Amino acid sequence: GWLKIDGTTIAYPVMDSRHSTYYATHDFSGEPSDYGVPYFAPSANFSSAKAAEKNRTLTVFGNREGETQMFSPLLNYADAAFFSAHEYLTLNTLYSEDRYRVVAVFTAGTTEPDFSYDNPPTDAKAYAAFLKELEARSLFQLPVALTADSRLLFLSVDDPSDASETRRLVVAAQYCPAGTPETVYPIKEKPQNAFPTTAQRADTT
């Protein structure tokens, strides 16, 4: 695939890394690299056009290098003004050229079995609970409602404010069907957002 966010340095290939985190430490050509290259979570299925259409969620992981390299610019989404100025992004794959709109920014632990954004539940009731938890964690009020029909893209980068390196900042974007007008809504901060359960446990022990 190819991921691009206008107005940022994010314009990179996205690799299929079905079985490992190989591309976290290797570049596009397979050479060792601290920068790596963005890659899909193993849950992504691009075996055929029909399979790709069934991806209700996609997760792309990327490294944080410097202020502008790789997925470092995603950290700026914690700022409402930046969020408002960069609400739309594109993800092109072998089968489609898709537009997404950023709807949430949240943090999550790398080992949270009760909130696995990179492989969310498929059961309707469990998925509804997952969306509710996503909304609770979001730093900002969601500009649009998320439903069971929402196709979501998660862009994940390690959170530099976490010394233990077990938390990631995640930008969530909703698929925009062809012809959807590019409307920009004001982004409103919430007085309080939910933190990862792992962080909550750490704070209370």
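Strand 7 and strand 8 run antiparallel and are joined by five bridges. Helices (H or I, at least four residues) and strands (E, at least two) are DSSP runs, numbered from the N terminus. Two strands pair if DSSP finds at least two bridges between them. This is a predicted model: local features need pLDDT of at least 70, side-chain atom pairs count only at pLDDT 80 or more, and totals for chains, interfaces and linings use all residues. Residues are numbered from 1 along each chain as its sequence is written, and side-chain values use heavy atoms, with hydrogens and water left out.

**Confidence**

- The protein has a mean pLDDT of 85, and 91% of its residues reach 70 or more. pLDDT is the predictor's confidence in each residue, from 0 to 100.
- Confidence is highest in strand 1 (residues 2-4), at a mean of 96. Helix 4 (residues 197-204) has the lowest, at a mean of 40.
- Over residues 197-205, pLDDT stays under 50. The model has nine contacts beyond four places in sequence for this stretch. Contact means heavy atoms within 4.5 Å.

- Eight strands form an open sheet with mixed pairing, in the order 2-1-7-8-10-9-4-3.
- Strand 2 (11-13) and strand 3 (39-40) stand at the edges. Each has a single partner strand, so one side of each is left without a neighbour in the sheet.
- Strand 8 (residues 97-109) pairs with strand 10 (residues 167-176) in the antiparallel sense, over 10 bridges. Arg99 has Cys176 in strand 10 as its bridge partner.
- Helix 3 (residues 124-137) packs on the sheet and touches strand 4 (57-61), strand 8 and strand 9 (152-158). The direction of helix 3 makes about 75° with that of strand 8. Axes are lines fitted to C-alpha atoms, for helices over the stretch in contact, and angles run from 0 to 180 degrees between N-to-C directions.

**Strand 7 and its partners**

- Four of the five residues of strand 7 are buried. Buried means under 20% relative accessible area, exposed over 50%, partly exposed in between (1.4 Å probe, protein chains only).
- Strand 1 and strand 7 run antiparallel, joined by three bridges. Leu3 faces Leu91 in strand 7 across this pairing.
- On the strand 8 side, a hairpin of four residues joins strand 7 to strand 8. Asn92 has Glu97 in strand 8 as its bridge partner.

**Strand 4**

- Two bridges link strand 3 and strand 4, which run antiparallel. Tyr39 stands opposite Phe61 there.
- Strand 4 and strand 9 run parallel, with five bridges between them. Val60 stands opposite Leu155 in strand 9.
- Thr57 is buried at a relative accessible area of 11%. Beyond four places in sequence, Thr57 is in contact with Pro120, Tyr127, Leu152 and Phe154.

**Nonpolar cores**

- The largest nonpolar core has 31 residues. A nonpolar core is a set of buried Ala, Val, Leu, Ile, Met, Phe, Trp, Tyr and Cys residues joined through side-chain atoms within 4.5 Å.
- Leu3, Leu74, Tyr77, Leu89, Leu153 and Leu155 have the most contacts inside this core.
- Strand 4, helix 2 (80-85), strand 7 (88-92), strand 8, strand 9 and strand 10 each give two or more residues to this core.
- Leu155 touches Leu3, Ile5, Val60, Phe71, Leu74, Leu89, Leu169, Val170 and Val171, leaving out residues up to four places away in sequence.
- Another core, of 23 residues, lies apart from it, with Tyr23, Tyr127, Leu142 and Val170 among them.

- Arg56 lies in the loop between helix 1 (49-53) and strand 4. Arg56 counts as partly exposed, at 26% relative accessibility.
- Beyond four places in sequence, the contacts of Arg56 are Pro121, Thr122, Tyr127, Ala148, Ser150, Arg151 and Leu152.
- A polar atom of the Arg56 side chain lies 3.5 Å from the backbone oxygen of Pro121. The Arg56 side chain also reaches the backbone oxygen of Ala148, at 3.3 Å.
- Met70 lies in strand 6 (residues 69-70). Met70 is not a glycine, yet has a positive phi of about 50°. Met70 counts as buried, at 6% relative accessibility.

How values were computed. A polar contact is a pair of N or O atoms within 3.5 Å; within protein, one must be able to donate a hydrogen and the other to accept it, and residues adjacent in sequence count only if both atoms are side-chain atoms.
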